[in-house]
Amino acid sequence: MMDACDGTANSEDISDSASDLTKMTDADPKTLAAYYDQWAESYDRDLPKMGYDAPVRAAAIMVEQDVAVDAPILDAGCGTGLTGLELSKAGYRDITGIDLSLESLQAAEAKGVYRHLKVRDMNKPLAFGDNGFAAVQCIGTLTYVREIKQLFSEFCRVVKRGGIVCFTQRTDLYDDAFTKAIQATTKARKWELISHSDPMPYLPNHEDFADKKHIFYDVYRVK
């Protein structure tokens, strides 16, 4: 999941679900799952129109961090599989995807790039064993997670020592509470910062986002 030419995609260019995206920031998991179930059919057509390139950037980060192509990767909030598809194009072949939306997971399965796909609510503990992944990426999804500190701890639990945690967060939601969750995870010596990007484009062609909202890319190494 993710938080849309004179430069913007208007309501005639994208689906109603894409147009309604800004209304979902505070949605509960049930509402959110229903929203993305409805959007799944047109999601892959809408995203390019909105200028969304985070899956490409995230896959490049895995390559830059020398994550082995045969290493297991958790794609947390994989949606319809655009993130996994870019990982696959980069050579990765052991990808597990999780998401709230069953319809999105079915679209992801059709891409044929995931080893496993599971319905998961990331506000709850992840149902995976310790140290099972070499890396986790969480792209365009933390907008909807309320238990951020718990999720960061879970990422560090399921990723082996020395592994990579990569996530994006909207600049307007990178607030005190979010920063404190990061700091608490760091203070607990669960991870260490590798990089924090400058504000990057998010949905540059969506009329409600454009230059108003950007995203950060953060990369941490599990200790």
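Modeller: Four bridges connect strand β1 (residues 73-76) with β2, and the two run parallel. I73 stands opposite I95 in β2. This is a predicted model, in which local features need pLDDT of at least 70, side-chain atom pairs count only at pLDDT 80 or more, and totals for chains, interfaces and linings use all residues. Residues are numbered from 1 along each chain as its sequence is written, and side-chain values use heavy atoms, with hydrogens and water left out.

Colleague: What makes β1 and β2 a pair?

Modeller: Pairing requires at least two DSSP bridges between two strands; β1 and β2 have four, so they pair. Strands are DSSP runs of E, at least two residues, and helices are runs of H or I, at least four, numbered from the N terminus.

Colleague: Which strands stand at the edges of the sheet, and why?

Modeller: The seven strands form an open, mixed sheet in the order β3-β2-β1-β4-β5-β7-β6. β3 and β6 (191-196) each have a single partner strand, so one side of each lacks a neighbour in the sheet.

Colleague: Why do the buried residues of α5 line one face of the helix?

Modeller: In α5 (residues 102-110), S104, L105 and A108 are buried, that is, under 20% relative accessible area with a 1.4 Å probe, protein chains only. Their directions from the helix axis to the C-beta atoms fall within an arc of 100°, so they line one face. On the other side, E109 and A110 are exposed, meaning over 50%.

Colleague: What covers the buried residues of α5?

Modeller: The cover includes α2 (29-49), β2 (95-99) and β3 (116-119), with contact meaning heavy atoms within 4.5 Å.
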